[in-house]
Amino acid sequence: MEVAVGGRMAASILTLLLLSSWCLMVASGFRQRGIEREEEEEAHGGGRGLRGRFLLARSRTVARTDAGEIRVVSRYRSKSEPCPMHIGFIQMEPNSLVVPQYVDANLVVFVHRGEVKVGWIHEDELVERQLRRGDVSVIPAGSTFYIVNTHSSDRSQIICSIDTTQSMGHSLHQSFFIGGGMNPTSVLAGFDTNTLTAAFNVTAEELERMMQSQRGGAIVYMSGESSERPDLNDNNDDSAWTKQKLVDYLLGKVDKKKAGNGEPVGALHAYNLYDNEPSYRNSFGWTTAIDEDDFSPLRSTGVGVYVVNLTAGSMLAPHMNPMATEYGVVLRGSGTIQVVFPNGSNAMNAEVSEGDVFWVPQYFPFCQIASSGAPMEFFGFTTSSRRNHPQFLIGASSVLRSMRGRELAAAFRISEERLERLVKAQRESVILPIRHHQQPEEDEEEEEVLQLKRGVFA
Ligand SMILES: *[C@@H]1O[C@H](CO)[C@@H](O)[C@H](O)[C@H]1NC(C)=O
Ligand SMILES: *[C@@H]1O[C@H](CO)[C@@H](O)[C@H](O)[C@H]1NC(C)=O
Ligand SMILES: *[C@@H]1O[C@H](CO)[C@@H](O)[C@H](O)[C@H]1NC(C)=O
């Protein structure tokens, strides 16, 4: 641990930055909340640039029934350059079902609220997992799956990344319903009746009953009886259970839900973002990032997952991702996101609150700041499943701190001593407090800040 020389210097820089950002925000006056804002922006043609160019305002409702809703948020891209990742929000009423389907995109699923059961086909077997808040699970492209909100009174909400790099050239993912009928239409309906009666070995009447009953849409209520069936595997629970164990065994998977003891969590399990020791924690918050070494199914999706919880008034220090573009969703609280262009001008300084979706291009410097009233929690996906080494620009373990010396001092056109004081003033790393300091030598410090800024912007 190094001894800091003047902790208030960094604080005063931050105060300056913050003050200017608050002023901007007040001046811009966009203070409506979430959905309201979104609809207004859509009404104004795609919603680009109204609140911030890295906020995703284009929201498409893919399915809406009385049992739930699927909404997809996308970045604007031209037709010739489709966006590789969309963020999906699946809201399910108690005791409802997302009709079995497969999609031409990898889904990385995160349970934000409630509990769900996800069933999907893995190596020709049905795998079912009960997922609870914080669980991350992967549904590979082309794998038929369903989702059930097993709870009888609570809604559930799922947030997922929809990675369309493997999709069929459509800008949005395509669902192929297996279950269904009149609505949604099962892909089976596309075959002629003779083919189906022969393939099923049933009469045309029986077939018709099966293919024409469902009219409820992509999300339906489960029928009356309890949805808490212990096992849906065929009708032979024992053999299903044994097969499951066998698959586990063959894949070398020990039955454990947590990583941290060497082995990554395997395809048949979920990884809970809240159950494990955070990747980094200090008094001002914590962050957890998982990659393919923690949760092996991420390898095939090329997606990483992270969650950050900032205490009220703390910031995730200015940083950039050298390996990945980042997508994020504000889960709780509110705050500010600042993104910077390569040429050093501000690209976005936007106030965000629960439900807002943002993205930050690879290499672009950015920071997130929780509002002073409440903690801010955000979660998201990165476009790389490898260990993403975010580079922090400011703070005790930062690029500036590591590089301090004659060269950097010359670059800022200040003395090495001043530089030393400036980069050592912040004792915390990664997640930093924002305190309004009160000291006598305000003038001297402001002078130093001005000098630094002059040096930088000269
Ligand atoms: C079709 O069903 C009939 C009557 O249930 C049965 O006898 C026959 O073996 C089945 N055919 C096939 C190919 O499964
Ligand atoms: C985030 O931090 C706040 C305290 O700052 C805490 O109350 C809250 O439970 C945390 N959220 C999670 C998901 O741990
Ligand atoms: C910096 O780059 C952005 C994006 O390319 C551009 O819009 C902006 O005008 C540039 N600012 C300056 C000062 O060059």
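**Notes on backbone geometry and ligand surroundings**

1. Tyr 363 is placed in the loop between strand E21 (357-360) and strand E22 (366-370); strands (E, at least two residues) and helices (H or I, at least four) are DSSP runs numbered from the N terminus. Its phi is near 75 degrees, a positive value in a residue other than glycine. Tyr 363 is exposed, with a relative accessible area of 54% (exposed: over 50%, 1.4 Å probe, protein chains only).

2. This is a predicted model, in which local features need pLDDT of at least 70, side-chain atom pairs count only at pLDDT 80 or more, and totals for chains, interfaces and linings use all residues. Residues are numbered from 1 along each chain as written, chains are lettered from A and ligands numbered from 1 in written order, and side-chain values use heavy atoms, without hydrogens or water.

3. Glu 123, in the loop between strand E6 (116-122) and strand E7 (125-131), also has a positive phi, of about 50 degrees. Glu 123 is exposed, at 52% relative accessible area.

4. The peptide bond from Asn 183 to Pro 184 is cis, with omega near -5 degrees. Pro 184 belongs to the loop between strand E11 (175-177) and H3. Most peptide bonds are trans.

5. Ligand 3 has Phe 341, Asn 343 and Ser 345 around it (a heavy atom within 4 Å). One oxygen atom of ligand 3 is 2.3 Å from an N or O atom in the side chain of Asn 343, a polar contact (N or O atoms within 3.5 Å). Of the 360 Å² of accessible area that ligand 3 has on its own, the protein covers 31% (Shrake-Rupley method, 1.4 Å probe).

Key:
A polar contact is a pair of N or O atoms within 3.5 Å; within protein, one must be able to donate a hydrogen and the other to accept it, and residues adjacent in sequence count only if both atoms are side-chain atoms. Buried means under 20% relative accessible area, exposed over 50%, partly exposed in between (1.4 Å probe, protein chains only).
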